[in-house]
Structure formats: C-alpha cells, structure tokens
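Here is my note on the model, as numbered points. Please read it with the structure open beside you.

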Amino acid sequence: MASVIWSPTFHSSVIRTNKSELKRCDHNVSRSGCIKAMRIEKPLEELYKIRVERKVSPERLNELGVSRWTTWKTGKCRLPWDWHVDQLVYIEEGEVRVVPEGSKHYMSFKAGDLVRYPKWFEADLWFNAFYQERYSFRAYGDD
C-alpha cells in the first residue's frame with residue numbers, strides 16, 4: 001500500500017531594496033505579503049575582539065609606558081601572524097591592513113592607533129610602505 005503526501009509548492013523571491021535591506025516575498029500568499037529583513041554585520045574589530053583606540057593622547061601613552069615598549073619596523077611586505085598572548089600595539093608610523101584568517105575583509109590601523117590583539121588571533125598583515133610600532137605582550141587581566 002502506498003501513501004501520497006501532497007503539499008503546496010511555495011515560491012518566493014528576495015529583492016534587494018538598498019545595500020543592506022533585503023525584502024522576501026512569498027508569492028503563494030499574495031503579491032503584497034512581503035517580509036522585510038535587514039542584514040546586520042558586526043565590525044570586524046567587534047567580531048574578533050580587537051580593541052582599538054584612535055588618536056591616542058600623550059597622557060594615555062605615558063600612563064601605559066609606551067616609550068619603554070619594544071620597537072618593531074618593517075617595509076612593504078605581507079606577514080602571516082598568530083598571537084599566542086594578548087598584544088598591545090601602538091602604531092608610530094605607517095599603516096597596516098589586517099586580514100583575519102579565512103576572511104576576505106580587512107581592518108585598517110594607522111599611525112596614532114593603539115590596538116589590542118587577542119590571544120590566539122590569526123591574520124595576514126599587509127604593509128604597503130614603511131611601518132613602525134611599539135608593542136607589549138599582556139597577561140590576562142592586564143589593562
């Protein structure tokens with residue numbers, strides 16, 4: 001004995017109304033029965049738990065003791081990197097594009113930024129010109 005199960009077919013389409021808003025229309029219900037949905041994307045810094053302070057004041061730099069941190073410099077290059085501990089970086093000169101592993105998007109940090117990279121973060125660092133930073137490795141709870 002065979003059973004037959006019948007179900008209606010649903011036809012729907014997705015319409016892009018602007019860069020971030022999508023509209024889904026179910027055509028079996030009615031032509032005006034549409035559901036609006038917005039695609040919300042978190043900034044990469046929030047997604048990867050990277051903290052950034054832009055245009056850091058001299059008082060803040062003194063408070064952290066940045067002048068005593070180790071200096072690192074490079075020229076134009078690409079550098080795959082992974083962090084085994086939290087690292088606090090103050091960019092003195094230049095700019096870096098940080099592409100998280102598995103991502104097609106990047107974050108951009110430039111001179112005057114204070115960036116905290118979390119432990120176990122992996123990314124490719126892209127330097128387009130001379131770059132200089134001061135860095136300090138941080139233990140859990142150091143701020």
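1. **The five-stranded sheet.** Start with the open sheet of five strands, in the order S4-S10-S7-S12-S5, with antiparallel pairing. S4 and strand S5 (70-74) stand at its edges; each has a single partner strand, so one side of each lacks a neighbour in the sheet. From one strand to the next, the twist averages 25°. Strands here are DSSP runs (E, at least two residues) and helices are too (H or I, at least four), numbered from the N terminus. Two strands pair if DSSP finds at least two bridges between them. Axes are lines fitted to C-alpha atoms, for helices over the stretch in contact, and angles run from 0 to 180 degrees between N-to-C directions.

2. **Basis of the model.** This is a predicted model: local features need pLDDT of at least 70, side-chain atom pairs count only at pLDDT 80 or more, and totals for chains, interfaces and linings use all residues. Residues are numbered from 1 along each chain as its sequence is written, and side-chain values use heavy atoms, with hydrogens and water left out.

3. **Overall content.** The protein has two helices and twelve strands. Along the sequence the pattern reads β-β-β-α-β-α-β-β-β-β-β-β-β-β. Of the 143 residues, 30% are buried. Buried means under 20% relative accessible area, exposed over 50%, and partly exposed in between (1.4 Å probe, protein chains only).

4. **Contacts along the chain.** Take contacts between residues at least 6 apart in sequence: 66% of them join residues at least 24 apart. Contact means heavy atoms within 4.5 Å.

5. Which strand does S4 join through three bridges? The partner is strand S10 (residues 114-117), and the two run antiparallel. Glu53 has Leu114 in S10 as its bridge partner.

6. **The four-stranded sheet.** A second open sheet has the order S6-S11-S8-S9, again with antiparallel pairing. S6 and strand S9 (107-110) form the edges, each with a single partner strand, so one side of each is left without a neighbour. Neighbouring strands are turned by 25° against each other on average, direction ignored.

7. **S11 and its partners.** Strand S6 (residues 77-82) pairs with S11 over six bridges, in the antiparallel sense. Asp82 has Glu122 as its bridge partner there. Strand S8 (residues 95-100) pairs with S11 over five bridges, also antiparallel. Pro100 stands opposite Ala123, and Arg97 is bridged to Trp126.

8. **Two faces of S11.** In a regular strand the side chains alternate between the two faces of the sheet. Strand S11 (residues 122-127) has Ala123, Leu125 and Phe127 on its covered face. Glu122, Asp124 and Trp126 are on the uncovered one.

9. **Aromatic pairs.** The structure holds ten aromatic pairs. Rings of Phe, Tyr and Trp (its six-membered ring) pair if their centres lie within 6.5 Å; planes under 30 degrees apart count as stacked, over 60 as edge-to-face and the rest as tilted. Trp72 and Tyr131 have ring centres 6.1 Å apart and planes at 65°, so this pair is edge-to-face. Trp72 lies in strand S5 and Tyr131 in strand S12 (residues 131-138), so the pair ties together parts 59 residues apart in sequence. Trp72 is partly exposed at 29%, whereas Tyr131 is buried at 1%.

10. Trp83 and Tyr117 are stacked, 4.5 Å centre to centre with 20° between the planes. Trp83 sits in the loop between S6 and strand S7 (86-93), Tyr117 in strand S10, 34 residues apart. Trp83 is buried at 4% relative accessibility, and Tyr117 is buried at 4%. Tyr48, Trp81, Trp83, Phe109, Tyr117 and Phe121 form one aromatic cluster.

11. **Positive phi.** Most residues other than glycine have a negative phi. Lys49 has a positive phi of about 60°. Lys49 is in the loop between helix H1 (44-47) and strand S4 (51-53), and is exposed at 65%. Lys55 has a positive phi near 50°. Lys55 lies in the loop between S4 and helix H2 (58-64), and is exposed at 76%.
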